[in-house]
Amino acid sequence: MDKYVSIIKQTADAISERLYDVFGGTVKVYTEQVRQGLSKPCFIVTALNSELKRQQANRWFLVNPFRVTYHSDEGDGGDRADIYEMQMRLYDYLSEVVIDGAAVRGTKTCCKVNNGNTDAITVLQDGTADCRLEFEANYDMYLTKAPEREIMGKLEVKLKGEF
(Lines give C-alpha, C1' and ligand atoms only; values in the text may rest on other atoms or scores of the structure.)
Protein backbone atom coordinates (compact mmCIF):
# COMPACT_ATOMS: atom_id res chain seq x y z
CA MET A 1 0.00 0.00 0.00
CA ASP A 2 3.05 2.31 0.12
CA LYS A 3 2.60 2.80 -3.63
CA TYR A 4 -0.78 4.45 -3.02
CA VAL A 5 0.60 6.86 -0.42
CA SER A 6 3.25 7.75 -2.98
CA ILE A 7 0.55 8.42 -5.61
CA ILE A 8 -1.20 10.84 -3.25
CA LYS A 9 2.09 12.68 -2.64
CA GLN A 10 2.81 12.68 -6.39
CA THR A 11 -0.61 14.25 -6.99
CA ALA A 12 0.09 17.01 -4.44
CA ASP A 13 3.48 17.59 -6.09
CA ALA A 14 1.88 17.70 -9.57
CA ILE A 15 -0.65 20.33 -8.42
CA SER A 16 2.16 22.35 -6.82
CA GLU A 17 4.29 22.12 -9.96
CA ARG A 18 1.37 23.25 -12.11
CA LEU A 19 0.78 26.27 -9.87
CA TYR A 20 4.49 27.08 -9.90
CA ASP A 21 4.60 26.80 -13.71
CA VAL A 22 1.67 29.19 -14.06
CA PHE A 23 2.69 31.77 -11.45
CA GLY A 24 6.47 31.45 -11.85
CA GLY A 25 7.18 31.43 -8.15
CA THR A 26 5.48 34.81 -7.52
CA VAL A 27 2.84 33.08 -5.38
CA LYS A 28 4.14 30.74 -2.66
CA VAL A 29 2.81 27.14 -2.73
CA TYR A 30 2.66 25.13 0.52
CA THR A 31 2.07 21.36 0.63
CA GLU A 32 2.72 20.99 4.35
CA GLN A 33 0.77 22.48 7.23
CA VAL A 34 1.90 26.02 8.09
CA ARG A 35 1.44 27.11 11.68
CA GLN A 36 2.93 30.61 11.46
CA GLY A 37 4.52 32.92 8.95
CA LEU A 38 2.18 32.36 6.03
CA SER A 39 3.52 34.45 3.14
CA LYS A 40 0.58 35.93 1.19
CA PRO A 41 -0.54 35.62 -1.51
CA CYS A 42 -0.16 31.84 -1.37
CA PHE A 43 -1.69 28.47 -2.14
CA ILE A 44 -2.03 25.57 0.29
CA VAL A 45 -2.44 22.14 -1.35
CA THR A 46 -4.19 19.58 0.86
CA ALA A 47 -5.14 15.96 0.23
CA LEU A 48 -8.65 15.21 1.46
CA ASN A 49 -10.15 11.85 2.43
CA SER A 50 -9.16 9.45 -0.33
CA GLU A 51 -10.82 6.11 -0.97
CA LEU A 52 -9.34 2.98 -2.54
CA LYS A 53 -11.99 0.76 -4.14
CA ARG A 54 -11.16 -2.76 -5.24
CA GLN A 55 -12.08 -3.64 -8.82
CA GLN A 56 -11.67 -6.93 -10.67
CA ALA A 57 -8.47 -8.95 -10.28
CA ASN A 58 -5.53 -6.75 -9.30
CA ARG A 59 -7.14 -3.39 -10.25
CA TRP A 60 -8.06 -0.65 -7.81
CA PHE A 61 -9.83 2.69 -8.25
CA LEU A 62 -8.37 5.57 -6.23
CA VAL A 63 -10.77 8.41 -5.40
CA ASN A 64 -8.22 11.18 -4.91
CA PRO A 65 -9.76 14.52 -3.79
CA PHE A 66 -7.67 17.64 -3.19
CA ARG A 67 -8.28 21.16 -1.92
CA VAL A 68 -6.24 24.14 -3.07
CA THR A 69 -6.75 27.12 -0.78
CA TYR A 70 -5.77 30.53 -2.10
CA HIS A 71 -4.99 33.22 0.47
CA SER A 72 -5.18 36.67 -1.08
CA ASP A 73 -2.93 39.50 0.02
CA GLU A 74 -5.84 41.92 -0.48
CA GLY A 75 -7.24 41.26 3.01
CA ASP A 76 -10.94 41.20 3.86
CA GLY A 77 -11.64 44.90 3.65
CA GLY A 78 -12.52 45.89 0.15
CA ASP A 79 -12.34 44.64 -3.41
CA ARG A 80 -12.39 40.88 -3.87
CA ALA A 81 -11.69 41.01 -7.60
CA ASP A 82 -8.44 39.14 -6.93
CA ILE A 83 -10.41 36.20 -5.46
CA TYR A 84 -13.00 36.15 -8.26
CA GLU A 85 -10.32 36.27 -10.94
CA MET A 86 -8.34 33.49 -9.25
CA GLN A 87 -11.47 31.32 -9.08
CA MET A 88 -11.76 31.20 -12.88
CA ARG A 89 -8.01 30.80 -13.35
CA LEU A 90 -7.93 27.73 -11.06
CA TYR A 91 -10.73 26.07 -13.02
CA ASP A 92 -8.56 26.48 -16.10
CA TYR A 93 -5.11 25.74 -14.68
CA LEU A 94 -6.03 22.74 -12.55
CA SER A 95 -8.36 21.03 -15.02
CA GLU A 96 -5.50 18.62 -15.74
CA VAL A 97 -2.19 17.78 -14.03
CA VAL A 98 0.64 15.44 -14.99
CA ILE A 99 1.27 12.62 -12.52
CA ASP A 100 4.13 10.21 -13.17
CA GLY A 101 4.17 11.20 -16.85
CA ALA A 102 0.42 10.73 -17.42
CA ALA A 103 -2.18 13.49 -17.73
CA VAL A 104 -4.93 13.18 -15.10
CA ARG A 105 -8.10 15.23 -15.49
CA GLY A 106 -9.61 16.98 -12.49
CA THR A 107 -13.27 16.09 -11.93
CA LYS A 108 -15.98 17.21 -9.51
CA THR A 109 -14.41 20.65 -9.39
CA CYS A 110 -15.93 23.35 -7.21
CA CYS A 111 -14.95 26.66 -5.63
CA LYS A 112 -15.99 28.40 -2.43
CA VAL A 113 -15.49 32.14 -2.08
CA ASN A 114 -15.90 33.46 1.44
CA ASN A 115 -18.51 36.17 0.62
CA GLY A 116 -18.88 36.78 4.32
CA ASN A 117 -19.19 33.12 5.35
CA THR A 118 -17.37 32.71 8.62
CA ASP A 119 -16.40 29.13 7.69
CA ALA A 120 -14.30 30.50 4.82
CA ILE A 121 -12.68 33.32 6.79
CA THR A 122 -9.75 32.71 9.07
CA VAL A 123 -9.24 35.22 11.85
CA LEU A 124 -5.53 35.79 12.25
CA GLN A 125 -3.70 36.40 15.51
CA ASP A 126 -3.73 40.17 14.98
CA GLY A 127 -7.55 40.08 14.72
CA THR A 128 -7.78 40.72 10.98
CA ALA A 129 -9.80 38.47 8.72
CA ASP A 130 -8.10 36.46 5.99
CA CYS A 131 -9.91 36.41 2.63
CA ARG A 132 -9.55 33.03 0.93
CA LEU A 133 -10.78 30.87 -1.90
CA GLU A 134 -11.13 27.08 -1.68
CA PHE A 135 -10.89 25.11 -4.92
CA GLU A 136 -11.59 21.36 -4.83
CA ALA A 137 -11.03 18.72 -7.50
CA ASN A 138 -10.74 14.95 -7.69
CA TYR A 139 -7.78 13.45 -9.51
CA ASP A 140 -9.13 9.90 -9.60
CA MET A 141 -7.32 7.05 -11.30
CA TYR A 142 -7.17 3.31 -11.78
CA LEU A 143 -4.20 1.53 -10.28
CA THR A 144 -2.83 -1.95 -10.84
CA LYS A 145 -1.22 -3.85 -8.03
CA ALA A 146 1.47 -6.31 -9.08
CA PRO A 147 0.88 -9.83 -7.76
CA GLU A 148 3.02 -10.69 -4.75
CA ARG A 149 3.35 -14.34 -5.63
CA GLU A 150 4.80 -16.09 -8.62
CA ILE A 151 1.98 -16.87 -11.01
CA MET A 152 3.59 -19.82 -12.77
CA GLY A 153 6.49 -21.98 -11.72
CA LYS A 154 9.06 -23.63 -13.91
CA LEU A 155 7.98 -26.27 -16.34
CA GLU A 156 10.35 -28.96 -17.44
CA VAL A 157 9.59 -31.14 -20.41
CA LYS A 158 11.42 -34.38 -21.03
CA LEU A 159 10.98 -35.75 -24.51
CA LYS A 160 11.88 -39.20 -25.76
CA GLY A 161 12.45 -40.00 -29.33
CA GLU A 162 13.67 -38.09 -32.35
CA PHE A 163 12.28 -34.93 -33.81
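View 1. At 52% relative accessibility, Lys9 counts as exposed, where exposed means over 50% relative accessible area, buried means under 20% and partly exposed lies in between (1.4 Å probe, protein chains only). This is a predicted model, in which local features need pLDDT of at least 70 and side-chain atom pairs count only at pLDDT 80 or more, while totals for chains, interfaces and linings use all residues. Residues are numbered from 1 along each chain as its sequence is written, and side-chain values use heavy atoms, with hydrogens and water left out. The side chain of Lys9 meets that of Asp13 in a salt bridge of 3.2 Å, N to O, the term standing for a side-chain nitrogen of Lys or Arg within 4 Å of a carboxyl oxygen of Asp or Glu. Both residues belong to helix H1 (residues 2-23), where they are 4 residues apart, about one turn of the helix; Asp13 is partly exposed, with a relative accessible area of 28%.

**View 2. The protein chain as a whole.** The chain has 2 helices and 11 strands, which are DSSP runs numbered from the N terminus, helices being H or I with at least four residues and strands E with at least two. Of its 163 residues, 34% count as buried.

View 3. Glu85 and Arg89 both lie in helix H2 (residues 81-93), 4 residues apart, and their side chains meet in a salt bridge of 3.5 Å, N to O. Glu85 is partly exposed at a relative accessible area of 46%, and Arg89 is also partly exposed, at 27%.

View 4. Strand E6 (residues 96-99) and strand E7 (residues 102-105) run antiparallel and are joined by 4 bridges; two strands pair if DSSP finds at least two bridges between them. Val98 stands opposite Ala103 in E7, and in the hairpin, which has 2 residues between the strands, Asp100 takes a positive phi near 55°. Arg105 forms a salt bridge with Glu96, the closest N and O atoms being 3.5 Å apart; Arg105 counts as exposed at 52% relative accessibility, whereas Glu96 counts as partly exposed at 35%. Elsewhere, salt bridges that share partners join Arg67, Lys112, Arg132, Glu134 and Glu136 into one network.

**View 5. The open sheet of E3, E4 and E11.** The 3 strands of this open sheet follow the order E3-E4-E11, with antiparallel pairing. Strand E3 (51-54) and E11 stand at the edges, each with a single partner strand, so one side of each is left without a neighbour in the sheet. Strand E4 (residues 59-63) pairs with E11 over 4 bridges, and Leu62 has Met141 in E11 as its bridge partner.

**View 6. Thr69 and the residues around it.** Thr69 is found in strand E5 (residues 65-71) and counts as buried at 8% relative accessibility. Leaving aside residues up to four places away in sequence, Thr69 touches Cys42, Phe43, Ile44, Arg132, Leu133 and Glu134, a contact being heavy atoms within 4.5 Å.
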